[in-house]
Every structure is written in C-alpha cells, then in structure tokens.
Amino acid sequence: MKRQSMNRSREKAIRGASDRRFHHFCVGILIFLTIVVLLPLMNIVSASFSNPTAVSQGRVWLLPVDFSLDSYKNVLKYEAVWLGYRNTIFYTVVGTIMNVTVTLLCAFPLSQYQFAGRKTVNKILMFTMIFSGGMIPSYLVVKELHMLNTVWAVLVPGLMSAYNVIITRNYIETNIPGELQDAARVDGCSPVKFFRNFILPLSRPIIAVIAMYYAVGHWNSYFNAFLYLNDRELYPLQLFLRDILVNSRFDSSIVEDPEMAQIIQNQADALKYSIIVIATLPLMCVYPLVQKHFVKGIMVGSVKG
Amino acid sequence: MRKRMKLALKRDWQYWLFLVIPLAYLLIFAYYPLLGLQIAFRNFTAKGGIWNSTWVGLKHFINFFESYQFTRVIGNTLILSLYSLVVNTVIPIGFALLFNCVERPRFKKVVQTIVTLPHFISVVVLVGIIMQIFNSRTGLYGIILEAITGSYPSDIFAKAGNFRHIYVWSGAWQHFGWSAIIYIAALSGVDLNLHEAARIDGASRLQRVRYVDFPHIKSTIILLLIMDMGRIMSVGFEKVFLLQNDLNRSASELISTYVYQVGLAQSNYSYATAIGLFNSVINLILILAANKLSQRVSDTSLW
C-alpha cells in the first residue's frame with residue numbers, strides 16, 4: 001500500500017518535471033517567435049530615426065545610429081505623401097460609412113426568420129463567394145458605368161463583402177432573440193421600426209467590428225485604385241507607396257526644389273524607412289486599443305455560415 | 001402558389017426595401033460580370049462590346065491550352081499556393097497549441113498583441129519592407145551576413161528560385177499570429193474535465209496536447225482548409241504582382257498575374273477572360289470537391 005503510493009508520487013514528480021520542461025519549451029518558442037516578428041519592425045523604425053548616411057552605408061542594426069529626424073523632415077516635404085494621405089483618409093471614411101450601411105441593410109432581412117425570401121437571398125449572396133466573373137469582366141463593368149478615373153471606382157466595386165454580411169447576420173441571429181421579433185410584430189412594429197429601434201442599438205458591437213474590417217481594407221488596398229485610376233490627384237497613399245517602395249521611383253519631376261530632388265537621390269533608402277513608418281503607424285497605434293473587437297469579429301465569423 | 005407569393009410580398013415588402021441597394025449591388029458587380037464572361041467565347045472589340053463581338057467558340061481556350069505558358073502558370077500557381085497553404089496552416093496551429101499550454105496570462109497577452117501586429121501592414125508596405133530588409137547591402141539581411149561571412153551576399157531578388165520562399169515565409173511572418181486567433185479561441189473551449197481525466201490517467205501535458213487539445217480543434221482546421229481549397233487557384237495576386245520582376249517571372253507568373261498581363265496590360269480582353277474563366281471553374285470544382293470530401297470524412301461542411 002505504502003509502496004504503491006510512493007511509486008505514484010515519484011511518478012507524479014517525474015511527470016511534473018517533464019511537464020515543467022515542456023512548459024519552458026512552450027515559453028521559449030513563444031519568445032522566439034515574438035523576437036522574429038519584432039526584429040524587422042525594430043530595424044525599420046530604427047533606420048527611420050537614423051542618420052540617412054548611416055542607413056545607406058548599412059550601419060543600422062537594431063538601434064538608431066546617429067539619431068536624426070532628417071528623413072522624416074524630408075518625407076514631410078514630399079508633396080505626394082500628403083496628397084496620398086488626404087485621399088486615403090477620404091476613401092477610408094466615406095468608403096467605410098457606405099460599406100457599413102449597405103452591409104447592415106443586407107444583413108438585417110437575412111437575420112429575420114419571418115422574412116420569407118431569406119433562403120433565396122442567402123443563396124444569391126453565398127454564390128458570389130465561390131464564383132466570380134474575374135478581373136476583366138469586372139473591369140468592363142466599371143468602364144461601362146463610366147466610373148473609370150473617378151472616386152466611385154475606388155468606393156463602389158467593393159461596396160459590400162459577403163463575408164461581413166454573414167458575420168453581421170450571425171451576430172444578429174444569435175444575440176437578438178426571435179421572441180423579440182415576435183413580440184415586436186404582435187405590437188404592430190414594422191420591420192423598418194424594428195430595425196431602427198432594436199437592431200441598430202443592439203448591434204453596435206458588430207458594427208464596430210465590420211467598420212474596422214472595412215476601414216483597414218480601405219487603408220491598405222491599392223489594387224482597385226491601380227486598375228481604375230489614372231489621375232494622380234485621386235491616388236490613395238498606397239499607390240504612391242508602390243511607386244516609392246516597390247519601384248524605387250520618387251517622382252522627381254514634381255519636386256520643384258532642385259535641392260530636394262538631390263536629397264531624394266542621395267537618401268532614398270532612409271526616406272523609404274520613414275515612409276514605411278508613417279504609412280503604417282496609424283493602424284499599429286490603434287490596433288492594441290481595439291484588439292479585443294477584432295478578436296470578437298473572428299469569433300462571430302467562425303460560426304458556420 | 002401565386003397567391004401565397006403575393007401575400008408574402010405584401011407582408012415582407014419592407015424587408016425587400018432593405019435589400020434594394022444590396023441586391024442592386026450584387027446584380028451589377030457580382031452577377032452582371034458573369035454575363036461578361038461570354039467574351040471568353042468571342043473576339044472582343046471595343047465596338048462590338050460584350051454582346052456583339054463575333055463568336056469564336058473555344059478558340060481562346062485552345063490557344064491557352066496549347067501555349068507554352070499553360071503548364072508554367074498552372075504549375076507556378078499550384079506550387080505556390082500549396083506551399084503557402086501548408087506553411088500557413090501548420091505554423092498557426094502549432095503556435096496556437098503551444099500558446100495554449102502556457103499559463104501566464106500577462107505574458108500571453110503581450111505575445112499575442114505583438115505577433116498579430118504585422119497582419120495590419122498593407123501588401124505594398126510589406127513588399128517594401130521585404131525589399132529593404134533583404135537588400136544585400138543596406139538591409140538587415142545583408143548586414144548580418146556580412147558580419148558573419150565577411151562579404152556581402154548576392155541579391156536574393158535576382159534568383160527566380162528564391163521567389164516562392166520569399167513569398168511564403170513573409171506571408172507566414174505577417175499572418176501567423178492572426179490566423180492562430182481562431183484556433184486559440186477554439187482551444188479555450190476545451191472541456192477542463194477532459195484534461196483532468198487525462199491527467200489522472202497519467203497523460204503528460206504533451207500527450208494531452210496530442211489527445212485532448214488537437215482533436216478539439218480538428219473540425220475548425222478542416223473547415224478552414226476547405227475554405228482555403230477554394231482559394232488555391234487565386235493565391236495572393238496582389239502581393240505576387242508587387243514582388244514580380246523580370247528576373248523571377250519564370251517562378252512568379254501565376255494564372256492571375258498572367259490574366260492581368262494579357263488582358264489589361266496588352267488589352268487582349270477575350271483571351272484573358274478565357275483564362276480567368278478556366279481558373280474560376282477549377283476553383284469552383286475544388287471547393288465543391290473539398291466540401292464533399294470533408295462531409296464524408298468528418299461531417300463538417302460549409303453549407
């Protein structure tokens with residue numbers, strides 16, 4: 001009897017030790033991955049705060065070398081960045097408002113079991129997720145509608161994402177009980193009133209989630225603008241960034257100041273680092289504050305469609 | 001029947017009112033382009049448009065099947081997307097399982113916030129970052145290798161063979177934390193009694209990961225895999241397009257970039273639409289097949 005219990009406690013100790021080792025292993029891997037994610041980010045931020053000459057000589061590792069704000073000062077003199085920022089803010093704000101409105105308009109009827117057409121509309125929506133006309137036919141539609149080279153080409157083709165409609169619908173279905181629908185109907189409340197008085201106030205959390213999804217999408221997207229816009233005045237930030245970062249093309253013709261053109265020539269690398277920081281900073285700062293909403297969005301979305 | 005429909009319409013008209021704009025949008029931007037697909041069977045001219053250009057039957061498809069690009073772009077697309085699928089499934093799942101074993105909430109929160117951050121970097125900026133970091137002279141990569149080997153490495157963007165690794169691993173770097181969230185959430189729903197029971201039976205933590213945690217997230221994994229199947233042929237066009245250069249084209253020309261190249265850059269709309277249609281159909285078949293398969297093996301289904 002005694003021996004047995006001794007055996008067991010020894011076993012437990014051994015197991016405890018191996019579990020502890022495993023725990024250490026897990027913590028180690030987590031730290032390793034965090035460092036892997038952080039290293040490049042730190043390098044970029046440090047390079048952006050370093051002396052441009054040090055950057056082009058390849059002397060910047062993980063901490064700024066000869067701390068300087070020169071590249072930021074130069075970037076802010078570069079008119080394209082301002083223009084791009086302004087346009088992107090416009091597309092993000094107006095686009096997100098339009099997206100959220102239309103998404104709610106679509107998700108509400110689909111979430112009401114009293115609505116007889118919901119199965120059909122659901123199918124119409126789901127089909128668009130698995131089959132699409134593709135690039136050329138979509139381009140032709142935008143062209144036929146005479147939207148090319150207008151802000152509408154950026155705002156309208158992605159007006160509503162089926163995925164966001166589905167998570168909104170799921171949220172309403174699971175969080176606003178069917179009994180409420182019934183009670184409202186018995187009391188003579190029309191769908192429009194029900195939407196305004198119950199659905200809108202009760203779905204604030206999901207509205208926040210999809211608004212963030214759409215806003216991030218607008219902030220980061222370049223391809224629609226690339227396809228549909230020619231007019232430089234309408235370019236979003238990402239399109240200017242593509243020229244600068246990917247094609248290494250600073251538009252020196254529009255930099256009127258010859259001195260500035262010279263600076264751009266010499267400090268291209270350092271400028272790129274600070275542009276990366278400037279373009280990404282807003283999202284990076286906001287994200288930790290709203291992290292839990294994003295995570296909630298994933299949860300809602302993971303409920304089967 | 002008619003009467004019933006009339007009655008339903010009378011009762012539901014307000015719901016339909018809500019749907020006017022969404023349905024109009026779907027009709028114009030999702031369904032109308034499907035009609036535009038007919039130009040794959042015509043010789044599109046600006047004058048004839050979608051409806052009146054001459055019919056040419058399967059000519060564009062046959063041209064595509066017979067062109068030397070056919071095997072190349074399909075091969076590139078399949079290899080890149082399968083490579084990416086494997087890496088981007090295994091790493092987030094592994095991360096989530098290990099993450100779930102750690103019992104320090106504050107530490108975990110910090111880790112999770114940091115590893116999800118890169119998800120919000122735009123494709124353009126990400127490609128910019130890749131180009132800066134892997135610059136063989138001024139980038140972190142060049143500096144480190146120079147410090148170790150004493151000489152600057154060669155330009156990694158100049159070799160086509162590197163393209164896939166750059167694409168896939170930068171994607172893993174950017175998205176693994178984000179992709180793991182869903183698994184981490186699923187893992188938090190594991191019944192603690194199961195863990196307790198397994199522990200009493202003498203299972204170590206690692207064994208419990210294998211026999212308790214993993215089975216719990218299996219249906220989530222399968223569901224996400226099916227959804228990814230549907231995207232196999234449309235792998236990350238926007239990023240590939242930015243990473244593409246003349247030196248890596250032999251590995252980076254995908255179906256989708258080829259459609260862009262032929263269609264919009266060279267204005268050969270019909271040929272490009274034919275390729276796009278071929279691609280969409282394969283996609284559809286893949287997603288239906290994956291769904292069927294998963295219904296059979298695990299009762300998990302998309303619809």
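The model is predicted: local features need pLDDT of at least 70, side-chain atom pairs count only at pLDDT 80 or more, and totals for chains, interfaces and linings use all residues. Residues are numbered from 1 along each chain as its sequence is written, while chains are lettered from A and ligands numbered from 1 in the order in which they are written.

**View 1. Chain A has 15 helices and 0 strands.** Helices (H or I, at least four residues) and strands (E, at least two) are DSSP runs, numbered from the N terminus. Of the 305 residues in chain A, 37% are buried (20 or more other C-beta atoms within 10 Å of their own, with C-beta atoms placed from the backbone).

**View 2. Helix H8 of chain A spans residues 162-175.** Its 14 residues reach 20 Å from first C-alpha to last, close to the 20 Å expected at 1.5 Å a residue (1.5 Å times one less than the number of residues). The buried residues of H8(A) include Asn164(A), Arg169(A) and Tyr171(A).

**View 3. Helix H6 (residues 135-144) of chain A packs against helix H1 (residues 2-36) of chain B.** The angle is about 110°, and the axes lie 8 Å apart. Axes are lines fitted to C-alpha atoms, for helices over the stretch in contact, and angles run from 0 to 180 degrees between N-to-C directions. H6(A) and H1(B) are therefore roughly perpendicular (65 to 115 degrees).

**View 4. Pro137(A), Ser138(A), Leu140(A) and Val141(A) meet residues of H1(B).** Their partners are Ile28(B), Phe29(B), Tyr32(B), Pro33(B) and Gly36(B).

Conventions
Parallel < 35°, antiparallel > 145°, perpendicular 65-115°, else oblique. Contact = placed C-beta atoms within 7 Å. Buried ≥ 20, exposed ≤ 12 C-beta atoms within 10 Å, placed from the backbone.
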